[in-house]
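Here are my notes on this one, written as numbered points. Keep the model open while you read and look up each spot as we get to it.

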Amino acid sequence: MKRLLVVGGGLIGIRHVHAAQAHPDCVLVGLADPDRSINTDAPRFDAMEDVDCPVDGVIIATPTHLHTAHGIQAAERGWHMLIEKPVAGTIEDANLLGQAVASAQVSSLVGHHRRYHNLVQHLKSVLADERIGQVITVSLIWAMRKPDAYFDQNWRTSGGSPVMINLVHDIDLLRFVIGEISDVAALRGSSVRGSTRVESGAVALAFECGATGTISFADTAPSPWGFEAGIGENPNIGTTGQDMMWITGTKGAISFPSMTLWHGEDWGIPAQQIPLELTSNPGRPLDAQLDHFLAVMDGADPLTDVADAAQTLAVAMKIEQELAAQKNRRM
Ligand SMILES: NC(=O)C1=CN([C@@H]2O[C@H](COP(=O)(O)OP(=O)(O)OC[C@H]3O[C@@H](n4cnc5c(N)ncnc54)[C@H](OP(=O)(O)O)[C@@H]3O)[C@@H](O)[C@H]2O)C=CC1
Ligand SMILES: O=C1CO[C@H](CO)[C@@H](O)[C@@H]1O
């Protein structure tokens with residue numbers, strides 16, 4: 001039975017608390033968070049430093065800029081760690097964390113939980129099996145309207161760019177199913193809320209395999225299109241079941257998450273829809289991620305560790321830097 005600690009009990013941390021409490025192979029030793037108003041029956045600590053009981057692994061779900069400090073502390077105490085995404089607030093911080101993990105010889109896993117969704121894994125194998133030939137293009141939309149309160153007087157007020165909070169998931173998804181990203185360019189959208197942070201924009205991507213892609217994103221536009229809306233994986237976000245990603249290749253195309261597969265020839269012949277057998281969903285990605293974290297603590301290879309997640313972060317940071325250098329476009 002693995003002893004788990006959760007640090008940070010906000011929007012995602014409390015979901016980790018519930019997942020750990022429900023898991024038969026681990027016991028939650030506590031939640032460390034200074035906010036005593038959090039509604040939980042887990043044993044409480046005000047800070048990670050106060051934890052005085054044995055711990056095997058920690059889930060770090062604090063604001064992004066604190067991941068490195070908490071991760072280094074965990075490594076020094078010999079605890080394996082699951083760190084929420086993005087792995088750190090800067091590349092320098094990610095490298096420091098990577099060094100601490102390596103020198104303490106503990107395992108790390110980063111919370112890019114979409115990798116555990118069975119449809120994502122199915123898409124990865126469809127592309128790897130070249131069911132659409134060689135990937136040529138990908139178009140992805142992530143657009144939702146987050147409530148104003150989400151950004152009100154907290155760490156997201158100025159640091160809450162959807163690139164670091166949300167696109168980092170999409171970037172990781174693209175790396176996972178298509179391959180490494182070699183180049184990016186980005187344009188900043190208009191500010192609707194009047195904030196200084198990025199709110200929306202457009203990104204162009206080049207992949208090492210030769211494919212190119214685009215991402216349109218906004219946290220100011222209520223829309224049916226986005227991973228969470230399409231998949232229904234986040235209890236706070238309404239599900240529409242609509243596609244949010246369209247991939248073309250030399251032999252056909254596929255849209256996601258409907259996994260609608262098309263085969264085509266030349267322009268005179270309409271593309272044909274090909275039935276694809278889908279396996280039933282084995283469970284929620286956050287639970288599957290926890291299963292994997294427990295295995296990683298026993299020596300399994302992590303699906304994405306600090307070093308791998310730092311590559312996703314590097315792409316997000318490059319986009320963020322390009323956008324930060326541009327003025328808000330006016331409506
Ligand atoms: N994988 C996923 O689907 C998701 C991942 N995330 C990631 O998780 C992280 C947290 O995001 P989110 O849950 O939205 O943020 P929240 O602000 O909702 O939660 C963060 C919590 O950490 C607490 N906290 C702050 N400082 C400390 C500290 N030193 N020690 C212990 N606890 C502390 C905060 O307390 P207080 O409010 O009092 O400051 C708050 O309760 C981010 O990196 C984010 O990108 C977020 C959402 C979903
Ligand atoms: O990491 C995340 C943070 O923002 C979104 C909404 O709060 C989540 O769905 C997402 O997975």
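1. A term to begin with: a residue is buried if 20 or more other C-beta atoms lie within 10 Å of its own, exposed if 12 or fewer, and partly exposed in between, with C-beta atoms placed from the backbone. With 15 such neighbours inside 10 Å, M259 counts as partly exposed. M259 also has a positive phi of about 55 degrees although it is not a glycine.

2. Some ground rules. This is a predicted model, where local features need pLDDT of at least 70, side-chain atom pairs count only at pLDDT 80 or more, and totals for chains, interfaces and linings use all residues. Residues are numbered from 1 along each chain as its sequence is written, while chains are lettered from A and ligands numbered from 1 in the order in which they are written.

3. Back to that loop. M259 is found between β12 and β13, and P257 has its place in the loop between β12 (252-256) and β13 (260-263) too. Helices (H or I, at least four residues) and strands (E, at least two) are DSSP runs, numbered from the N terminus. A cis peptide bond joins F256 and P257, with omega about 10 degrees.

4. Now look at P86, in the loop between β5 and α3. The peptide bond leading from K85 to P86 is cis, with omega near -15 degrees.

5. Is Q153 buried or exposed? Q153 is exposed, having 7 other C-beta atoms within 10 Å. Its phi is near 50 degrees, a positive value in a residue other than glycine, and you'll find Q153 in the loop between β7 (135-143) and α5 (156-159).

6. Next, helix α2 (residues 67-76), where H67, T68, H70, G71, A74 and A75 are buried. Seen down the axis of α2, these buried residues fall within an arc of 165 degrees (taken from the directions from the helix axis to the C-beta atoms), so they line one face of the helix. They pack against β1 (2-7), β4 (57-60), β5 (80-83) and α3 (91-104); contact here means C-beta atoms within 7 Å. Just after α2, G78 takes a positive phi of about 75 degrees.

7. Finally, the ligands. A residue is near a molecule if its C-beta atom, placed from the backbone, lies within 6 Å of it. Of the 24 residues around ligand 1, G8, G10, L11, I12 and E84 come nearest. Ligand 2 is surrounded by L11, I165, N166, H169, E228, N234 and I237. Helix α6 (residues 162-177) gives the largest share of the shell around ligand 2, 3 residues.

Terms used: Contact = placed C-beta atoms within 7 Å.
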